[in-house]
Amino acid sequence: MGRGSGGGGRSKKEEEEELRGAKRGHREALAEGNREEEARWANVIGDIYKRRGEYIEALRWLRTDYEVSVKYLPQRHLLPSCQSLGEVYLRLGRFPEALTYQKKHLELAKESNDLVEQQRACTQLGRTYHEILLKSENDHSAIRNAKKYFKSSMKLARILKEKCPSQRSDFLKELIDAYNNMGMLELELDNFEEAERLLIQGLKICDDEEVNSYDDARTRLHHNLGNVYTELRNWKKARGHIEKDIEICRKIRHPQGEAKGFINLGELQSRVQKYDDAKLCYNKALNVAKCLEDEDALIQQIHQNIKTVTKAAEVLEELKEDEQKLKKLVRDTANARGTSNERKLLLEQHTKLDNLIEKARMICAWEKHKEFSKGKKRVASELHDKEKESDSLLSIGESYQKLRNFSKARKWYMKSWNIYRSIGNLEGQALAKVNIGNVLDSCGDWAGALQAYEEGYRIAVEGNLPNVQLSALENMHYSHMVRFDNVEEAKKMQEQIDNLKQMLNQHGARDTVSDYCSETDTEGGCASDNILDAEDDNGQVANRYSEEPDDDVTLASLVHRRSPSKIKASKIHRSSKKVDELCDMAEDTRAVLSISHTNHSVGRKRVRVVLSDDESEENPETVQLKRASTSPGDNHGANRNRNQDVSQPNETRDAPCPAEESICSFKSSSPIGHAFEGIELGASSVGKGSASKPVASCSKFSTPGSNGQHESQNIVGVQSKDTDQHFWALRIGDHLVYLDGSAGVHEGALDIEALKVEVACVYYLQISDEKRAK
């Protein structure tokens, strides 16, 4: 979560004494009929309640101040009234009222040629538009206005600092806050390097001007730098800034800032799968937040974060257990080399790896995700399945994108795209292009990113893939709105998005292009690359999950770009294959993790942590999966609520982390693959077949019932009337294929992938030489 300007400072006893004195002064002014003092004391009382986080009570007193000033005092007395009301309405999230008073404040300041009040009004307006931006993803005016007012605030603060030596220290802090607010906005737009530059400049001014080590201006800079380094996955620097933020907030008695600091520290621990440590941080944040009034949203967010990390910890344990099962399966496969059982075991490995990749994605364990994805590539190569191989390459690209190694991410996405193109898979081509666009955006090549999105959209239209079209359009909209400030094009994109969503809703379509964890990716060395060999490494990945091709292989020349924060659409995309088919996870766990991935609300920051990217080659004889090593980080800001990445353990970003997109396995385009999509097993169906492809149909077979009569059932497994033998009967096109009942059964359970292989073999032997050639 971020924080804009805000303050702190007195003990509870001092505050109570100050409040009693202010109320006494207000009563005396009221008794004397001194309207100016009555309004002034009402404003002071409102400010005290505001500092205590009691915003409703603050509002009551500030309205009194405003009403008295309007009725009885000259217009200049309305300046502090409007300023205070705008601030409280902002903290309550009531933006229309906040903007009304803040614009009135700026208008009055300009009329009286008061540069000081103009500067304050611009700061507040910038913060309000920034908050609006956080809560509405498509508000282009919020981005533009936030930038405009923050820049004006910085310019005025610089002028005032030089023109008013007597108030130099006040305007110095305003200037520092201006750098903080500009940095905070750049952070939200995922311009992390620019955000880092602005925030470090703010700290440099603090040091050059010898600002107190425990000044509240410093805490805001440390908070937001913690956010920046979390996004950049620099855990050590992030943690240092977050802890400094917490230390200063505690010292100056700023409980709201302290609570947000602990939330950010908890998110950081969550990013590196240290869930027990994350819970400790969230509980500390909760204890502090409970002391504040009118902070229900903050407390609710903390509870959501605790729930999220609890579920993420469960997923991590499942992942560890499944990883052990995979190791055993790898050993069994090695022992079955050259036997009829080898292919069946490879298919089991593929399914198990899909499951592990999904779980690693959900908790943002990106090093593990990379290992499993490379394992999947090895298996796909041994199966000689181009579609599975291209899926695995897309997944490897996702791993590198989340680990912020953008040049490698682009390389793997390009390899995936080349194979999808070679086999004519339009869905895969479109998704690969959109993901390439995200990488280019992260590298700062916004024009190249937009071009990639447009290509992805064109392919998706050609393939009649509405969900992928939607994803591409959302990214195109983001590019026009945020990167190029092209309002007209952004509006056109939004109109297309709205129409497409309406069409999907009318057809009851699910939006299956998911955005998991706002892990936003940005800058990173993306050198321009030339054409690459899409098929490299096929025969050289045996027995190594972390095997990787030569990194010197150049890529197809593309343009670049970086990916944005929650404002931006999904980054890594997958096809419409349901996660449920891959991941045997409780629905409540999946739901909680999904919420955390997409929730960029109150008090949540997006933290990105960098796990070491060990590219060293493993011993070729080693079949074991590597465990990822992790390290921690940190961050902070006033009334700035971010996730989201908000996050879901899909990013393990508890409240703020954005969700991660998943890259999916695409459905087989072979006749056998489609045949099995329509098979009914008992009463349950295993997927839908495409109407335009040959689909296996199961006839109704008569089987003896318990009463000796024959019952008609929709089944694919039947028992012969003459013998005790069970067999499968499947129709593919004009051919009826019969198999022994034990075919496709492994450890007592039906294995569809293994059954497909058996059917394919029998089907191949039945058809003519001409069809075999096809």
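1. The axes of helix α15 (residues 342-362) and helix α17 (residues 386-402) come within 12 Å and cross at roughly 25 degrees. This makes α15 roughly parallel to α17 (angles under 35 degrees count as roughly parallel, over 145 as roughly antiparallel). The model is predicted: local features need pLDDT of at least 70, side-chain atom pairs count only at pLDDT 80 or more, and totals for chains, interfaces and linings use all residues. Residues are numbered from 1 along each chain as its sequence is written, and side-chain values use heavy atoms, with hydrogens and water left out.

2. On the α15 side, Leu347, His350, Ile357 and Arg361 meet Lys388, Ser395 and Glu398 of α17 (contact means heavy atoms within 4.5 Å). The residues of this contact of α15 with α17 divide into 2 nonpolar, 2 polar and 3 charged.

3. Helix α17 also packs with helix α18 (residues 406-422), at an angle of about 165 degrees and with the axes 8 Å apart. The two helices, α17 and α18, are therefore roughly antiparallel to each other. Residues of α17 in this contact include Leu393, Leu394, Ile396 and Tyr400, and those of α18 include Phe406, Trp412, Tyr413 and Ile419. The residues of the contact of α17 with α18 divide into 10 nonpolar, 4 polar and 6 charged.

4. Lys370 lies in helix α16 (residues 366-383). Lys370 is buried, with a relative accessible area of 3% (buried means under 20% relative accessible area, with a 1.4 Å probe and protein chains only). The C-alpha atoms of Lys370 and Tyr400 are separated by 7.4 Å, and the two residues are 30 residues apart along the chain.

Technical notes. Helices (H or I, at least four residues) and strands (E, at least two) are DSSP runs, numbered from the N terminus. Buried means under 20% relative accessible area, exposed over 50%, partly exposed in between (1.4 Å probe, protein chains only). Axes are lines fitted to C-alpha atoms, for helices over the stretch in contact, and angles run from 0 to 180 degrees between N-to-C directions. Angles under 35 degrees count as roughly parallel, over 145 as roughly antiparallel, 65 to 115 as roughly perpendicular and the rest as oblique. Ala, Val, Leu, Ile, Met, Phe, Trp, Tyr, Cys and Pro count as nonpolar, Asp, Glu, Lys and Arg as charged, and the others, Gly among them, as polar.
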